[in-house]
Each structure stands twice: as C-alpha cells, then as structure tokens.
Amino acid sequence: MPLPAALRPTPPVSGAAWRNAPSALGRILLLALGLVLGAGLRAQVPVRDAADLRKQLDRLQTVGSVLYIAAHPDDENTAVLATLSKGRNLRTAYLAITRGGGGQNLIGPELGDGLAAIRTQELLAARRIDGAEQYFTSAVDFGFSKTAEESMRMWGHERVLAEVVRTVRAFRPDVILTRFPPDARAGHGHHAASALLAIEAFKAAAEPARFPEQIAAGLRPWQATRLLWNHYLFTDEAPAPPLGGLTLDVGAYDPLLGRSYGELAAESRSQHRSQGFGVLAQRGRRLETFERLEGRPATADLFEGIDLTWSRFRGTRDVAALLREAREGFRPEHPASVLPPLIRARQALRALPAETLSEPLIQAKAAELEDAIRAAAGLWVEAIADRQRLAPGDRLTVHAALLARGGASLTLDALALESVRPEGSRVLDSRKEGAVLLDNAPRKVAFSFTVPADTPLSQPHWLGGPGAEAWAGLPESPAPFRLRARLKTSDGPFEVTVPVQYRFRDPVLGERYQPLAVVPAALVSFADSVLAFETPAAKEVRLQVLAGGAAASGRVRLRVPAGWAVDPSEQAFALAQAGEKKELSFHVTPPASAASGELRAEVDLGAGFTGARSLVVVDHPHIPLQTLLPEARVRLERFDLKHDGRRIGYVMGAGDEIPRALRRIGYEVELLTDEALAREDLGRFDALVLGVRAFNTRPALQTLKERLHAYVAAGGTELVLYTVNTGIPGINAAMVTEAIGPYPFKVGRKRVTVETVPVHLLKPDHPVFHWPNEITAADFDGWVQERSLYHAEGWDARYMPLLGMADPGETEDAGALIVARHGKGHYVYTGLSFFRQLPDGVPGATRLFANLLALGHAHD
C-alpha cells in the first residue's frame, strides 16, 4: 500500500503507539512518520537555544496548515513561507511540481539528474531556514515551456494531477496558495500549469469519485477553505491589492529570532545558489497581496473563518491545557522545567480518539511535541558510521552517543539499530540499557553488524530507485540505517530517532556530516558518456572498476548493438580493498556508415552477469554529498566529421561539459584563466570559445573583452555562447558588460523550446554551412531539450544572422546565431544550446560547432 506522499520527515512514534494505532490510516500515518526519518542532514537531533524552544512552544498552540504550490525549485515565495511558518506558527509546506533538472546551472557543469539533485537539496536547505516542509510530484522539468498545454502533455496531466490531489488529501491544508496565475501572465508554461493543477486539485481532492484508489488506500477527501494567488512582488513598492484581495505583512520583526521574516526569507532564498538567487535582505513593513481563485471569500485575513486552535479536533482539551501550561511555565534559563507537562501532553495526545489521531495535523503536532521534549531535555543523540560508502555484505560499525545537558533526570531504557526500507524497518540489533544519563556525561555504545544483502542501494527514489512508490512525493529517500533510543522520565517515556551518518573533519570547515551511501560491491565508470566515431576506425573505450565496499573480484563485459564490435569480449578484475580502482580498456569498432546506439557494461561477481552501475558524486559545499548510481552505459555515435584547426582556447563561464566533448573528437582544448587571457599569446589558438554565461561570471571580461576583440581583428575566431540578461531586479544574472561584441547588440530573452522545429538557413552560401562539413537540414535532427535560448537582438548592421527558427505559432526569429567580420577575423554570438547538444553527442550540432570553430580557415 503506498504511503501518503505529503508527510513531514519526522522521528517515529513509539512502538506502543504503533501497536495501538486504532485504524488502518492511523497505522499508515504513524509508519510514514518513521520511514521518512533521516532524509535531511540538519543535525543528528535539532539543538534549540532557549529562544528557539520558546518559539516551538508557541507553535504548539496553533493548529492550522497551508500548502504553497508552484512549478520549480526557487519559484516559492520564501517571505510568505517564513511569515506563515515562523510568524503565524502554521504548518507550512511548499509543493514543487518539478525538481528543476531542465534548467541551467550557475555553479557547475551538472545538468539533468545531477542538477535536479542539487536543486532538491537547495530547497531542503531553504526549508530548514524558513521552517516550511518540502514535497514534489514526479513531473520532470523538460526545459522552458511556453504553454501550459505543452507542459501538461509532457508531464501527463492526469498522472500529475493525481499526485497533487494525493498531496492535498494527505496534508489536508486549510488554505492553498499558488505562486502563479493560470494564464499567460505566469510567463512560463510550467508556471501556468502549476496554477491550473492547483485549481483542479482544490476541487478534485474533495470529490470521492476522483482518484478513488487513494481513498481505498486510506486517504480521505479534503476540501480546503480557499485557494489564493500570491501576486508577484519584484519591487519595494507593493502593488495595490486586487478588489476583494488580501494582504500579509512579511516584514514584521521577531525579537526571538532577532530579525524580521523578510531577513529570514532572504537567507532562505539565497540557498538557491545554482540559479544565482542570492538576494539582499529587505527590512521594514512589506505587504504581499493575494487574490482568491476558489473557495470561501475572506475580507481581512488569509485564514478568516478557520479555527486554528486545538478545539477544532475532538478530545484535545487536555492536550491543549498541558501545552499552555508548558508555554506559561517556560523559563529560558531552565528549559527542563517544562518537561513534565510536555511528557504528559505526549501521553494525552496518544490517547486521543482514533478519528483525531489519524489527522495529519495531529501527527505533525505529535512530531513537533517530540522535538520540543528533546530540546527541553537538552538531549544530544548521534549515530556515526565508520565509513561514508558501503556495499551490501560489508561489516559496518556504528558508534552511538547520547548526552543529556539540560539538568533533567533521564534514563536510557533501550537502543535499537534499524535498517530502513520501503516496505518497513527491520531491527538489526537492540539493547536493553536501563542506565541513568549523568548530566553532561556521554553514554557511548557501539554496534557492529553485517550489512544485509537486500539493503536497498542509495539511488534516489525519484530516479527510479528503491521506494519509488512508498516514498513518492518526499524530497529524498531516508537514510539506510537509523538509531532509535527510548528514554524515560518520572513523568513517562519518549523516543529519539536519528539517522546513521558519517562524520569527518574538514580542515577548513571543521566538523562535517555526510549521508551514508549504499552502493554495489563493484561499480563501473566510463571515461566519457559518449563515444563519437568520425571514421570507421576502432576507438579505445576506457573504464574504471571501483570496489564499492570491501574486496571485489569478477569479470566485466561490454554489450554493443548489432553492427558494432568490441574486443576483448570480457576482462577479469580483482580489487583487494574498499575504494581500490582498476583501469580497463576495450576497443570498439563502429559500422562503416552513420549509426547510433548504446554500449552497456555488465559485471559478474560470481552469480552471473548483471547490469553494472556507475558512481556519480555531486559535491558542493552548500549541500550534503549526493550519490547517484546511474546505469553504466555510453552513447555510441558514428558520423562523418572533419576538422580545420584543432587548438582551442576555452574561457569557462558558469560551467559546462563542452571542453570534454571537444577533446573526445580530437580537439586540443586549453582552459584559460583571466591571467592567461591578459598576458599570453592568444594568436596560437585557432579559435577562442567563451563558455555559457561567461559574461555573467567572469568579472575580468569587462576589460579583457578588448583583448579578445583585438585577437579577432588580428585574424582569430571568437565564439561566444549564450549569456543571460534577465532585467529582473533581485535575480543575479547581471552581465559584467553589455559590450560583449566588437559591434553593438543586445542579449534578449527569445528562445526556441521545441527541439524539432525546422531551421531556416538564412544565408545558405555562407562558409559556416560548407566548411569543413557540409551542413544540411538533417544536421538539425536529433537535438535534445531545446534549440536555443537568449537570442541576440537589436544587432548592428555589420552582424549577419545565419539561422531563422521559431516555436509553433510564433514569428521566425534570426537571433540564435549571428556572425561578423572584424578586421581579419570572425566574431560569433550564439544562443544555440550547444552546451546540451555536444555533451550528449548530437552529430549535427557537433558538425555545426566544428564549422564555427573553423571560420578562420574557411574561404568567403
């Protein structure tokens, strides 16, 4: 039975509560709270200072919820989320329809799944600051879309709507907010589609006949009170609210936080580093405006007419009274003084009627209460593994430590080490303790066990890994192992559950935590993801076999399509210890004529050949280490390609994989520093390439552009890939200079998103279409994701546009590729998405790029 998607990742309730859960849905909800533990790496146990605990006690007094819906990571309004969560003390969540893998990346070369992993973690970092929760649908970000209709078609309208409805039914929000309007004002097809889905889900979630399989699985219909559109606010002056609209002051100051919600929101939004969304904090009163799209009208407040107290649920009077007692008796210098009413409130909550206990808001309050109990007790609990990466069958040691520092009398009753899997947790080792925790004296226990052979690999569930159904909608899979500690006070028991993690010392940053990664015993990684053959001659393919855990030995073989050949057919390997690597090489011979295919690696560790997996580590300092385990495969491309000039100087911008793509087809590529651009002889290069967003990320180009133009005038070829000039305040996409060419032109926002639209050769006799490769319409087949973005516009007459293209229903635009003679050389600006095409091995795009690089050798 699939678990509800929109449940907060929180520690599990006690075993007794699980056994005594009075209904099927109650058991599902309680189990879900345990299974999703450990997804984040905020800390082993949140350590709250006195002001933070006071805010948590305030939060326990309010019982209400709000769900914010938009399309991508970074679409959410963090000021609204922070104000509702931290200011109004509401359970607040952001549902992102996609994970943003179709966007661009300002901090590295990762695109697709790697970028989606980064943006998922950036959202979780933002939520840890603004206090909201984070959920997703399975919709894939396929790149910029101009219409909601296209977005719905690509996502699968009914499937994604079902997921949004499931989230609404599981979360049961009082109010739903959408970031975008359901029409062209949204500015992006994904944006408008997210609003349309919110409107549809608002209604469908209340209808038992819609998606009845969810009702059969234990969810109940739910009608939110109202659905509101949160208007855009890109300037300091708030627009007047629409007729009948509502406002929310997101600039209020909170003395317990020591800052305003606007300042908190700026820190939250600045976590979206891959998108360049670092922002300045705004201080002072600031109104956000809202317009009702569906549901009950309101005249003064977003939650008008909604009971936000415990009295909305039957049987909660005692719980509410005990929580008020804790709040009123709180003393910041002695937080443990509130433990007795908090523990009794925990017991009263678990004795609630079945109908009440099954409510998601009650489950969320139960988790918040457990958190407050731990904080009041001054309790630190951690579980540290002796390595970060392991394989099934390895021997693993976990060092557990518990430390009570709040002055409370605590007894450690029992410890259990558990394996977490989609179908439920499994106890690997349990200990009956009965030890009194002395104040500020660590209690340490070591567990050593063999990692079960059926332990799920650490492939994200949203990439088809384990838990794809059970954990659907959650931002990430839970940690593979967790430690459960049962403690007692004189007023009753409580539990703490933490993920098993790896801790290490960074010489610069100090203490660091990373998630465990369960990987195959042997991993196969190729030197490149594409093998391109310009002739029928065989090429070497190099791979690396890595011991994922302990020693591994066996055989590896490569499978190729019919018409291709590989030699030798297989090779043996023996790895003596974890992390050891062995390099192997094979030779692949392509067909004589053009062909495409896929090479796959298989590994035999003694039980027969099975598909191998590669290890991809996404490592950026602002997010936890991300481990991806894609299938070990290489794209094969056989096509005719000629070069004329192989020495390329490359000025890296935000990061792309074009240099690697050029090297694999025979170019000599040198990455140029600012100093090299300023001092070295650039005339030794056949062409200079400025990578994607170089004029956004390389400040030195403001002055060095003159040296680049001088290189062109002397006979060189300068090829500038797309840069961004959004013109939207608050978005860090400013160009270091707008004079990026030898003659004036602007970088606009026009783009062609449909990669299959026809391309019109505006100057078919131009050398770029004939030397050294003959370019035809077939060279625009097989492109991926998009044709182009950020076209040139308003160009000087000395530039020549070479290509015309347009999305369906639009007027042809010629700004995707412009060239100009400057002195003896050539200058090129192009918005063509070479940064996607070349790394993916698209033949026609590769041939066209080779011609652009050879412009200095072509004859006019």
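Trainee: What relative accessible area does Arg633 have?

Mentor: Arg633 has 41%, so it counts as partly exposed. Here's the scale: buried is under 20% relative accessible area, exposed is over 50%, and partly exposed is in between (1.4 Å probe, protein chains only). Remember that this is a predicted model, where local features need pLDDT of at least 70, side-chain atom pairs count only at pLDDT 80 or more, and totals for chains, interfaces and linings use all residues. Residues are numbered from 1 along each chain as its sequence is written, and side-chain values use heavy atoms, leaving out hydrogens and water.

Trainee: Which residue meets Arg633 in a salt bridge?

Mentor: Look for a side-chain nitrogen of Lys or Arg within 4 Å of a carboxyl oxygen of Asp or Glu. Arg633 meets Glu631 that way, at 3.5 Å from N to O, and Glu631 is partly exposed too, at 39%.

Trainee: How many salt bridges are there in the whole structure?

Mentor: A search finds 69. In one of them, Arg698 and Asp674 have their closest N and O atoms 2.8 Å apart. Asp674 belongs to helix H16 (residues 674-679), while Arg698 sits in the loop between helix H17 (694-697) and helix H18 (701-713), so the pair ties together parts 24 residues apart in sequence. Helices (H or I, at least four residues) and strands (E, at least two) are DSSP runs, numbered from the N terminus. Arg698 is buried at 13%, whereas Asp674 is partly exposed at 29%.

Trainee: Why is helix H4 described as largely enclosed by the rest of the structure?

Mentor: Count its buried residues. In H4 (residues 78-87), nine of the ten are buried, so the rest of the structure largely encloses this helix. Among them are Val80, Leu81 and Leu84.
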